[in-house]
Amino acid sequence: MIRLALAALLTLFATLPLRAEIEVQELTTPGGIDVWLVEEHAIPFVALELRFRGGASLDAPGKRGATSLMVSLLEEGTGDIDSREFARRAEELAASFSYSAYDDSIAISARVLTENRDAAIDLLRQSIVLPRFDQPSIDRVRGQVLSIIRSDLKDPRAIAGQAFDALVYGDHPYGSSRNGTVDSVTALTRDDIVAAHAASMTRDRLYVSAVGDITAEELSALVDTLLEGLPESGAPLPGPATVHLPGGIQVVDYDTPQSVATFAQPGIDRDDPDFFAAYLLNEILGGGGFESRLMTEVREKRGLTYGVYSYLVDKDGAQVWMGSVASANDRIAEAIEVIRAEWARIATDGVTAKELQDAKTFMTGAYPLRFDGNAPIANIAVMMQMEGLPTDYIATRNDRVNAVTLEQINRVARELLKPDQLTFVVVGKPEGLNSTLN
């Protein structure tokens, strides 16, 4: 009944009008943890987001996959509570917890009812601070991870992604899958999992946000209780990657009727004054669905693919401007030729005033739709913290988009787009296409 009540409350909240203004409070708990809070007392529900900077990039040498495996084990029990009992207690409390590892962060999310908040947070605390890491759970979850790794070895898109990462990032942790390899994950011991926990889940790289039915005083006490016992510091961050994008093509032979291509050139930092111009430029080039230049030229005019996309990637240690396309083996060479030509054309000729205005209209209109509940708002707030954005960013973001001029975006196109550095990794049996990279 409690779970049904939570579902009903979430459905009700989803139907409420979007808030005209989101007020973010900046707090520092008595224990010294910085927290962002958006109070919303309309329903008795709280969304809590935790982020630990570093993520899978903190894997120790020779222990690739340890952080991802460790994070997958956090919900597998604590103390004398095994995985089944942990799941049963969370369900009884109508609490929802999720744990994820990424290249640059560990993300932990909690959704709890006000009436069960203390008990739910105590259960969450045990999973974060005192995970069980018992051997049967390690073996079972390891088996699941190994299944994913083996599946990726047969997936052209996964193969393309891993080959691309190895080419572009080399020996940096970004250069290999955060899941690890069959050999590295098979060799991981419980001691390795414990070490990964101590190295990555520490107070000095923590970001916290909460949205919902809770006051600043209540949240401060909750966060200090939740995180009591975590180490103050852990392993050092790996630092920036040396991005290798020489231009050209790397072909990975794989028996499939359709070739998959991942491509990229150097990107732009989120803190760069021209970031919003680049963001709008990408929307026009390849991020705007069926309206983008690449989709028009590659799909609509020539029928070479079902979809082609580009996107800006801003990792902590690297920035790239990426894209992807898939096409039949006998047509992928033409698709790549068209992508290169359009990349060069927009770099030289820029965009039109109408394209810029259409991109602005879409981006500013779509932005408020992201704030459709406590959980999405909490997620946005914690990501803002990690990016070093001010609390008023939500209110000013669309103004920043609208401030981009035609002159600025076309200057950025000339300066930022580098057709000669556009590098492709193609997986398949492409016809008329050979590797030009060693």
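Visitor: In β8, what is the bridge partner of valine 46?
Guide: Glycine 212 takes that place in β8. This is a predicted model, where local features need pLDDT of at least 70, side-chain atom pairs count only at pLDDT 80 or more, and totals for chains, interfaces and linings use all residues. Residues are numbered from 1 along each chain as its sequence is written, and side-chain values use heavy atoms, with hydrogens and water left out.

Visitor: What makes β3 and β8 a pair?
Guide: Two strands pair if DSSP finds at least two bridges between them. Strand β3 (residues 45-53) and strand β8 (residues 206-212) have seven bridges and run antiparallel, so they count as paired.

Visitor: Which strands belong to that sheet, and in what order?
Guide: The order is β1-β2-β8-β3-β7-β6, six strands in an open sheet with mixed pairing. Strands here are DSSP runs of E with at least two residues, and helices are runs of H or I with at least four, both numbered from the N terminus.

Visitor: Why are β1 and β6 called edge strands?
Guide: Strands β1 (25-28) and β6 (96-101) each pair on one side only. From one strand to the next, the twist averages 15 degrees.

Visitor: Which helix packs on this sheet?
Guide: Helix α4 (residues 117-129) does, touching β3, β6 and β7 (105-113); contact means heavy atoms within 4.5 Å. The direction of α4 makes about 160 degrees with that of β7, on a scale from 0 to 180 degrees between N-to-C directions of lines fitted to C-alpha atoms, for helices over the stretch in contact.

Visitor: Why is serine 259 called buried?
Guide: Buried means under 20% relative accessible area, exposed over 50%, and partly exposed in between (1.4 Å probe, protein chains only). Serine 259 has 0%, and therefore counts as buried. Serine 259 lies in strand β10 (residues 258-266), and its contacts beyond four places in sequence include Val325, Ile332, Val427 and Pro430.

Visitor: What joins the side chains of serine 259 and asparagine 329?
Guide: A polar contact of 2.5 Å joins them. The term covers a pair of N or O atoms within 3.5 Å; within protein, one must be able to donate a hydrogen and the other to accept it, and residues adjacent in sequence count only if both atoms are side-chain atoms.

Visitor: How many bridges join β10 to β12?
Guide: Nine bridges join β10 to strand β12 (residues 318-328), and the two run antiparallel. Glutamine 265 stands opposite tryptophan 321 in β12. Helix α10 (residues 275-287) packs on the sheet through β11 and β12, and its direction makes about 155 degrees with that of β11.

Visitor: Why is aspartate 139 called partly exposed?
Guide: Its relative accessibility is 40%, so aspartate 139 counts as partly exposed. Aspartate 139 is in helix α5 (residues 135-152). Arginine 190 is 51 residues away in sequence and 9.8 Å away in space, C-alpha to C-alpha.

Visitor: How do you know that the radius of gyration agrees with a compact globule?
Guide: The radius is taken over C-alpha atoms, and the globule rule is 2.2 Å times the number of residues to the power 0.38. With 438 residues the rule gives a value near 22 Å; the protein has 23 Å, which agrees. Buried residues make up 53% of the 438.
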